[in-house]
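Good morning, and thank you for coming.

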Amino acid sequence: MRAALFLALAGATLVGAPRAQAWSNHALVSFWAFRAAPDVAAAPPVAVEPLESFLKDQEPAIESLLAAQETWARAHIATYPPRPDALAFRADPARDDAARRKAFVEALRIAANTKFALYAQRQPGDAQDADRVLKFSDVATLPEPPLAFYRFYRLNVGEQVAPLAVVASASAEPDFGTDINCWEDSPSEWGPRYKFGRLPFGNPAVNITTQAPFHMGFFHQSWIVYKAAPFVARTYPLLRIHQFFGLADLAFRTGHPYWGWRFAGNALHYVQDLTQPYHASLLPGASTPRMVWTNVMAVLGFPRAKNDLIVLVSNRHFALERYQVQVVHEATRQDAKSPALVALQESARDAAYPAWSDFYARDVTAKEAAGFGDRLNDALLAAAPAHYVSDPAFDFGASGGHVDLMRILDEGPAARRAALDAAIAELLGHFGAHSRNLVKGLGPARTAQR
Ligand SMILES: [Zn+2]
């Protein structure tokens, strides 16, 4: 059909270059989500161990697990590019730690330079130990984003650490480089070998954009969008959640609770990203007919409306993220009873959702977030000055650097800000409930641990 072909051509340039990172600093938000959750906050301390010792101890079990995960992904993720058999993890007790670790990251198809540093983020109330301070570059392979309030410290092998610190810290980790440059057109040594195909959207030369298809899930668009732009369906957060959840389950069952909590935190990250409407729908606030129309105009040689729309949605994404991190950070400093922190801890809402499953993040989390896009968009437009959210001549990603959105909104009408604060509190409520529900899903493994 000619119209379908036309739309497919139009769709190829529909998505811009998402560079934002959903929720800034997942660790602080996770801290509040679990602070009052007994299965995490009251769980006994665990001994820190390097990744290599878990891999060496459980090599045959990891081989079976990763093989089963590959079978699952091929069967259940419609757009899944099969992993080349040469990358499968095979037990080999004779190899050294470095070779085993390399085989592990390649079997997961995550960035080969992922650090897996032994670290935690300083949580509210933690004393600062100057001897243990780590730089962003000690745990991440990416540049440090502005105003994310990261504070890392080193963990020593064998020391006892609270599960809350491990799981909350690890929930920020996938934004530190795990999913960078894993595509065939990525400028990395590993990307071309992983056979994930070409980067579905965004610019392959901008490394932060290459993580987006793992941290976003456009599962609930109109059918016409997938028809026009099949690449929209090539997002893989369910893969990452399945991988890290399974590893957490195995680590708990086999007496490696530090890695149980750590991998649980990694899995959490992707679920938490999908609570964010800008990660769960293509263009929140823009209707399908408007998307299609601006695209058609672009193909006819009038790209302005489409380019403007992409910049506006990107600016709103950045503005939301900036304001949210400031809200959580300020509330942590000054007011533990703020609506944002109360909503994050409100465990009464957890049971309103179905129990954890392989598809929970798609069918529950992302669905809820996609449905919340219009309300969030309206609240953001009402509260924030037009310059930051309605002016396509301003590019928040390029020029938003250190914009203090909280101070700017403080100077505006309080009633307008109240609607945005309520929308953010609601989203943080979703964030808390879905995070706790994932950890509940790991309950049987935690009670079965050796
Ligand atoms: Zn992310």
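In helix α19, residues 373-383, the buried residues are G373, L376, N377, A379, L380 and A383. They lie on the same side of α19, because they cover an arc of only 165 degrees around the axis. This is a predicted model: local features need pLDDT of at least 70, side-chain atom pairs count only at pLDDT 80 or more, and totals for chains, interfaces and linings use all residues. Residues are numbered from 1 along each chain as its sequence is written.

A residue is buried if 20 or more other C-beta atoms, placed from the backbone, lie within 10 Å of its own, exposed if 12 or fewer, and partly exposed in between. Helices are DSSP runs of H or I of at least four residues, and strands are runs of E of at least two, numbered from the N terminus. The arc is taken from the directions from the helix axis to the C-beta atoms.

Which elements cover the buried residues of α19? Among them are α16 (304-334), α18 (360-371) and α23 (414-441).

Most residues other than glycine have a negative phi. F116, in the loop between α6 (97-108) and β2 (119-121), has a positive phi near 45 degrees. F116 is partly exposed, with 16 other C-beta atoms within 10 Å. N181 is found in the loop between α8 (163-170) and α9 (191-194), and its phi is positive, about 60 degrees. N181 counts as buried, because it has 23 C-beta neighbours inside 10 Å.

Note on methods: Contact = placed C-beta atoms within 7 Å.
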